[in-house]
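The structure comes first, then the notes by topic.

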Amino acid sequence: EKANIRLKSSYKQQVGNVVLPFSIKTGAELCDYIRLCLLNSAGIRPDLDLLSDPGHEAPTVARYLEDLIGEESSKKKESVIKFTDLVEKLLTGQQNIQVANTLLQLVGTMPRIIAPRYEKKLEWLRQLLSNTKEELREALAHVYGLVAASLNVQDFEKAIKELLRSFKEKSLEHQHGILLALGHSFGLHILRRKDTKGGNKDKKEWKLFRECVDLVLSQIEVTGQNLSVSGGCLAIGEIGRCSPLPVQDEGDTSQLDNKLGIVEKLLGIVKAGKQSMKVRERAATSLGHFCLGDTKFPHRRLLIQRFIELAQEIKDVELHFTIGDALVQ
């Protein structure tokens, strides 16, 4: 209500084509404050450090919101929708990680209510994937994946084809954002349809899925482009976290058309001292994810042995922690 009053006053802010009740900076601080209040109300001790991870205690927050909205569905649901609209306006005015994380938390904890509102706005989300800041692209790609996963199969494939079409025409940053969106979209789509009758197609026979996996894997082989390799590692890890990869178990270890070849390639990235630390950590995390999405993953023992061997060679503490996380997955 206060925001609507300010929109009609001289205090309103014009950012591009968007009229806001206050500045982007004020809006970002408001988003942080509301998220902290949400954590507190859900029984989680609020901490500023938690704001960088919208997924922290997400199931707990989701249950709290479901119970809250269920009490007075019309009034409280309307308040959530109005806040979501404000977040969208802020994000349209200027991309900001605080606002992007707020949208991600809203869509992620209330997909049934919020995701359908963006099914017709996927083009807008796709354009935001070109942002020059990597953390923003990662958050917005996750939002895109959550929305795309809520679509029926026909509309989902249409959204994926739009991403593939854009990939061929866009800048390196936008390609990176699209890779992440592909990973999140397929991972979440497959997860949501696992429990439905006749849910997933035979993934090895799903042509579009295989085409996208091939595209993601091709980026892991790009030399001299940390962004492409990083995006490829994150995307294939996200797909592998939710589903077995649509490739053969064994094959030529120098090729990425089989699981053993993919494992060897990612292990090589983890070991490569000249590779950026972020890329090496992404590769290690992806390897751990393969064992989650594929309960019969054939190279589990090999991974454990090689990780233990790498522990004696690697000196970087951060990478040791990442490998430890991958092992326990």
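Predicted model: local features only at pLDDT ≥ 70, side-chain atom pairs only at ≥ 80, totals over all residues.

Residues are numbered from 1 along each chain as its sequence is written, and side-chain values use heavy atoms, with hydrogens and water left out.

**Helix α15**
- Helix α15 covers residues 300–313; helices here are DSSP runs of H or I with at least four residues, numbered from the N terminus.
- Its 14 residues reach 20 Å from first C-alpha to last, close to the 20 Å expected at 1.5 Å a residue, where the expected span is 1.5 Å times one less than the number of residues.
- L303, F307 and L310 are buried in α15.
- Seen down the axis, the buried residues of α15 fall within an arc of 65 degrees, so they line one face of the helix; the arc is that of the directions from the helix axis to the C-beta atoms.
- These buried residues pack against α13 (259–271), α14 (277–293) and α16 (317–328).

**Loop residue N131**
- N131 sits in the loop between α7 (122–128) and α8 (134–149), and is buried at 14% relative accessibility.
- Beyond its neighbours within four places in sequence, N131 is in contact (heavy atoms within 4.5 Å) with Q95, L136, R137 and E173.

**Cysteines**
- The count of disulfides (pairs of cysteine sulfur atoms within 2.5 Å) is zero.
- For C37, the nearest cysteine sulfur, that of C31, is 12 Å away.
- C212 is buried, with a relative accessible area of 1%, and its sulfur is 15 Å from the closest cysteine sulfur, in C242, too far for a bond.

Methods. Buried < 20%, exposed > 50% of the residue type's maximum accessible area, 1.4 Å probe, protein only. Helix = DSSP H or I, 4+ residues; strand = E, 2+ residues; numbered from the N terminus.
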